[in-house]
Structure formats: structure tokens, C-alpha cells
Amino acid sequence: DYDAAHGDWVMISDDRSEHNPARYYRARLAYDDKSFKSVELTSVVTLRQPDSKAYPSKENFKRHGGVVPDLEAIRVDPRDGTIWYTSEGDVPAGLPPFVRRAKADGAFISELPLPDMFDVPADGKSGPRNNQSFEGLSFSPDAKTLWVSMEGPMIQDGPLPNPRTGAVNRITRFARDGKVLGQFAYPLEAIPAVPGKGKFADNGISEILALSDTRLLAMERSGVQADDGSYQDFVRIYEIGTDGASDIQNLATLNGASYTPLKKRLVLDLNQLETPRVDNLEGISLGPALPNGHASLVLISDDKFGKDQVTQLLLFELIP
């Protein structure tokens, strides 16, 4: 996310405190309307739990207390420069997702109260799927509300997408105090390619970006594993709108329910660009204005600490 007050950027690491304690980085990106000039990491900030300790790894969280982080999204509060971030939780460990707020130095401030639907019941019949939860976060332009998106469908809302059929995700609009102002059904596309026999494939919302109170960009990211074990990523950006969509916050399940989903329009298919590769893109943010006055838009990937992946930054012009 771009920190306009300081002219730099924040980047969350989804290291689950396995390599180093959960953290975010600050960076300076220098670019114009032609290309990147430089990318410089300027600092690293350890995020802290309410007891001021760093987040533990899954191997030792029961011994040390606290929760295991699976941090996926980060935003700078336009009002005061504090940091808001999400965790997908850990369903097998009984840990629900969360949205937390921290000082710029990583010190814990508060946690956003969440509806019971985001709990992790012991019977496994409802709630978020493991590693399919709070992947996207965005402030509205006036910073009065926050949008939080699920990566995949909740258990009670139906199956995961496959190469033949899509699925449905929940995107929730919160007031800053946690009050739910609306929740909407997002029609997730089918997986765009068939994986190798017995191999993995998925598709989900990897990040969102609010453009107004009713319009957002949603980035769908799919990873498809071939027979040889290699992955290809497919990334598409959609413009979505809440006008005419049903508020589904009181629907316990979307299976068999009657509702009107969000409208969506394909804005960009990254795989149609002439780039050497499309990696595992999971971050999207508006940046400073380009020389022609149009906003810049920057995407960033998650390399998953993999030897065959990279941390990729892509720069775009957002044409009105």
C-alpha cells in the first residue's frame, strides 16, 4: 500500500513466523510514466501481539501463547498513518481470521470486532476454509469504512471453484468500529486451466482496492500445477459494483438462497500482456500521480519463499 503522507510504501510478509517473526517492510519505489527507476527496502517492522510479543510460529504458539499469523493484506490508515492488516487464521489450529490495527512501529492497537460467521466451529460445518479467508483489505477513499474480502467461499456457501464451475465469495464492508454496513456475494470465476493428474489448482480473490463507496477492483489469482509439478499463475482484474446487489449479511448460507450478486467487468487479463511471466500477484495499490495527472497502480507478487518464483512489481497507468 502507498503511504501518501510519507511518500513510501508498505509491504506485508506472509511468513508465518517460520523464517523470522511476522513483519512488514517499508520501501521506496521510484518510477515515472515509462518505467521503474529503483526499488529500495528501507526498513523492517516486527508486528506485535496485544502482549507486546512478536507473533509465534505454529510449532510454538501453544507454548508461548498468542495466535499464529497468516498475514495477507496491509493498508495505511489515511487518517493517522497507523497500519491495518489481515490474517487468514489457521482452521486446523482453531484460530479464526482477524483484522488488526498497529502503530507504525508494529505495536498492537486494536482488533476489529467480527460477526460470528467468521468463527471456526469445531464441527467444521461452517465458517472459513483453511487458507481461504481474509485475503483482501481496502479503505474506502474517505477512510470511513473498510472492505474485507474472502479468498474463497465459506464452507456453508458451497464448494471451491474447479475448471468447470466457479464459486461465490463474501465481501464485507465494515465501519471502523466493526459494524457490518453490508456484505455482498462475489461470483468467482472457474479455474482457467486444467491441472495435471492429481495436481493442485485454485482460484480466489487475492486483493481488492476500493475506488468509491460502491466500486472496487478485485484481483483474481489462480495457480495451476502441471504434470511436472510446475505452476502457472493466471491473474485477472475486475471492476465490481454494489449497485443492485443484495446485502447477504443475514444469510446463513448462500446454498439455495435467493440473492443478486455483485456486478463485475473484466478490466485486465494479465496473461494477455507481453510480460516474461505472471507471478503469484497478491497486492494492488494506487500510487502517486504520473506526469499526465493519471493515477499510478502498482501490483506486487508473493514468491512463497520458492526458488522458482520471484517478487514481482508491475506498474500501470489507471486511465479514467
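**Pockets, salt bridges and a sheet**

Mentor: Strand S15 gives the largest share of the lining of the largest pocket, 3 residues. Keep in mind that this is a predicted model, where local features need pLDDT of at least 70 and side-chain atom pairs count only at pLDDT 80 or more, while totals for chains, interfaces and linings use all residues. Residues are numbered from 1 along each chain as its sequence is written, and side-chain values use heavy atoms, with hydrogens and water left out.

Trainee: What makes a space a pocket, and what is the volume of the largest pocket?

Mentor: On a 1 Å grid over the protein atoms alone, a pocket is an open set of points with protein on both sides within 12 Å along at least five of seven lines; a cavity is a set where a 1.4 Å probe fits but cannot get out. The largest pocket holds about 790 Å³, a volume being the space filled by probe spheres set on grid points that are joined across faces, edges and corners. Its lining has 36 residues, and those closest to the centre are Asn-280, Glu-282, Asp-302, Lys-304 and Gln-309. A residue counts as lining if it has an atom within 4 Å of a point.

Trainee: How are the lining residues of the largest pocket divided by class?

Mentor: There are 20 charged, 11 polar and 5 nonpolar residues. Asp, Glu, Lys and Arg count as charged, Ala, Val, Leu, Ile, Met, Phe, Trp, Tyr, Cys and Pro as nonpolar, and the others, Gly among them, as polar.

Trainee: What about the second largest pocket, and which residues are closest to its centre?

Mentor: The second largest pocket has about 630 Å³. Met-11, Ile-12, Ser-13, Ile-300 and Ser-301 are the closest to its centre, out of 31 lining residues. By class, 17 are nonpolar, 5 polar and 9 charged. Strand S5 gives the most, 5 residues.

Trainee: Why is the contact between Arg-23 and Asp-15 called a salt bridge?

Mentor: The term requires a side-chain nitrogen of Lys or Arg within 4 Å of a carboxyl oxygen of Asp or Glu. Here the closest N and O atoms are 2.9 Å apart, so the pair qualifies. The structure holds 23 salt bridges.

Trainee: Are Glu-239 and Arg-265, which form another salt bridge, buried or partly exposed?

Mentor: Their N to O distance is 2.8 Å. Glu-239 lies in strand S15 and Arg-265 in strand S16, so the pair ties together parts that are 26 residues apart in sequence. Glu-239 has a relative accessible area of 17%, therefore it is buried.

Terms used
Helix = DSSP H or I, 4+ residues; strand = E, 2+ residues; numbered from the N terminus. Buried < 20%, exposed > 50% of the residue type's maximum accessible area, 1.4 Å probe, protein only.
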